[in-house]
Amino acid sequence: MAIEVRIPTILRSYTGGSKTVDGAGDSLGGLLSDLDGKYPGLRGRLVTEEGGLHRFVNVYVNDEDVRFLGSLEAKLSDGDTVTILPAVAGGAFGFAALAALAGR
Amino acid sequence: MAVLSISQAILDGIVAHARRDHPDEACGVVTGPIGADEPTRLIEMQNAARSMTFYEFDSMEYLKVWREMDDRDEEPVVIYHSHTATEAYPSRTDVSFAGWPEAHYLLVSTRDPETTEIRSYRIVDGVVTEEPVRIVDAKVDPMAVQSYMFGQSPTTVDYECRS
C-alpha cells in the first residue's frame, strides 16, 4: 500500500534531500514506523518519547489535521497523501509556563 | 553577512497588521520565489491561539497557504509575529518552534503605542542570529535607498517607525 509523504525542508536531511517519499501502513503510527526503517531518525522528530505526536509538527492526511483523526491512530488507505509541516507557533510567553498552564 | 531585504510596502503591511491585532499577537508569512530570498507576497494569518502571549498559525489555513506556495514555487521567506508587551527578541518558545531554517524570523514589538520595534533573526538548530533589515524598493533611486539602511550592527538593530 503506497502512501505519499511530503517532507518539509527541515526534515529532508533524513530522506536524502527528497521532498516526497513513499511509505506503507494502515495508520499514521504504522506509516512512521515503516518510514523509520528506510529513513532512520525521521520518526524521532515526529513522535515524542512518550509515544505521542510532537507538538512542533503539523501532520495532515489529505486535507485533515491528524489531531482530529486520532493522531497516530489516524487510518490510512492506499493513495492517501500525508503532509508534514513544521508548526509555526511561539510568542512572548515562556514555553515552560505555557506547558504548566496547559497541564502538560 | 545575512540581511533581510524587504520592501517598505510589505513592512508597512506587517506593522499595520500587528497594530490592528494589538494587544493580541499577530502572525503571518511573506512568501517569495524559491531560492530568491525575496519577500514578495504578504499573507496575514489567523492567530489560532488569539492570545496576548502566544501565537500559532491556524492549522487548516496553514495547509491551504502552504499548498498555494507549493503550486507557485514559492517558499516562506519571512515568518513574522508580534510581541505586544515585550521586546522584539525571540522568546524561548519562539526558538523551540522555529522550524523553517531558511526563513527570516521577523519580530515586531507593539508595546510602545508610538514606536514600533522591528528586528529580524535567523533561527537554525536553536541558535538565534540577529541580522540587519534593509528596505529595498525598486521604484526608489538606488542611491536614496542607502538613507533607509538601518541595523548596521546586528546587535543593535532597532528600526523605529512612527505610526
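**Figure 1. The lining of the largest cavity divides into ten nonpolar, no polar and no charged residues.** Here, nonpolar covers Ala, Val, Leu, Ile, Met, Phe, Trp, Tyr, Cys and Pro, charged covers Asp, Glu, Lys and Arg, and the others, Gly among them, are polar. This is a predicted model, in which local features need pLDDT of at least 70, side-chain atom pairs count only at pLDDT 80 or more, and totals for chains, interfaces and linings use all residues, while side-chain values use heavy atoms, without hydrogens and water. Residues are numbered from 1 along each chain as its sequence is written, with chains lettered from A and ligands numbered from 1 in written order. The largest cavity has a volume of about 40 Å³, and the structure holds three cavities of 30 Å³ or more. (On a 1 Å grid over the protein atoms alone, a cavity is a set of points where a 1.4 Å probe fits but cannot get out; a pocket is an open set with protein on both sides within 12 Å along at least five of seven lines; lining residues have an atom within 4 Å of a point. Points join across faces, edges and corners, and volume is the space filled by probe spheres set on them.) Look for A:Val88 in the lining, along with residues of chain B including B:Val29, B:Met69 and B:Pro76. Helix 2 of chain B gives the largest share of this lining, three residues. (Helices, H or I of at least four residues, and strands, E of at least two, are DSSP runs numbered from the N terminus.)

**Figure 2. The largest nonpolar core has 24 residues.** Such a core is a set of buried (under 20% relative accessible area, 1.4 Å probe, protein chains only) Ala, Val, Leu, Ile, Met, Phe, Trp, Tyr and Cys residues joined through side-chain atoms within 4.5 Å. B:Met45, B:Phe57, B:Tyr62, B:Ile79 and B:Trp100 touch the most other members. Helix 2 of chain B gives the most to this core, five residues. A second, separate core has 23 residues, among them A:Val5, A:Leu31, A:Tyr39 and A:Val59.

**Figure 3. B:Met45 has contacts with B:His17, B:Cys27 and B:Glu61, among others beyond four places in sequence.** Contact means heavy atoms within 4.5 Å. B:Phe57, B:Tyr62 and B:Val65 are also among these partners of B:Met45, and B:Met45 lines the largest cavity too.

**Figure 4. The largest pocket has a volume of about 330 Å³.** Of its 19 lining residues, A:Ile10, A:Arg45, B:Ser96, B:Ala98 and B:Gly99 are the closest to its centre. The lining comprises 13 nonpolar, four polar and two charged residues. Its largest share, three residues, belongs to helix 3 of chain B.

**Figure 5. The second largest pocket holds about 220 Å³ of space.** Nearest its centre, among 13 lining residues, are A:Thr9, A:Arg12, B:Ile34, B:Glu74 and B:Glu75. Six nonpolar, one polar and six charged residues make up this lining.

**Figure 6. B:Met52 sits in the loop between strand 3 (41-45) and strand 4 (55-56) of chain B.** Setting aside residues up to four places away in sequence, B:Met52 touches B:Pro23, B:Asp24, B:Glu25 and B:Thr84. B:Ala85 is 33 residues away from B:Met52 in sequence, yet 8.2 Å away in space, C-alpha to C-alpha.

How values were computed
Buried < 20%, exposed > 50% of the residue type's maximum accessible area, 1.4 Å probe, protein only.
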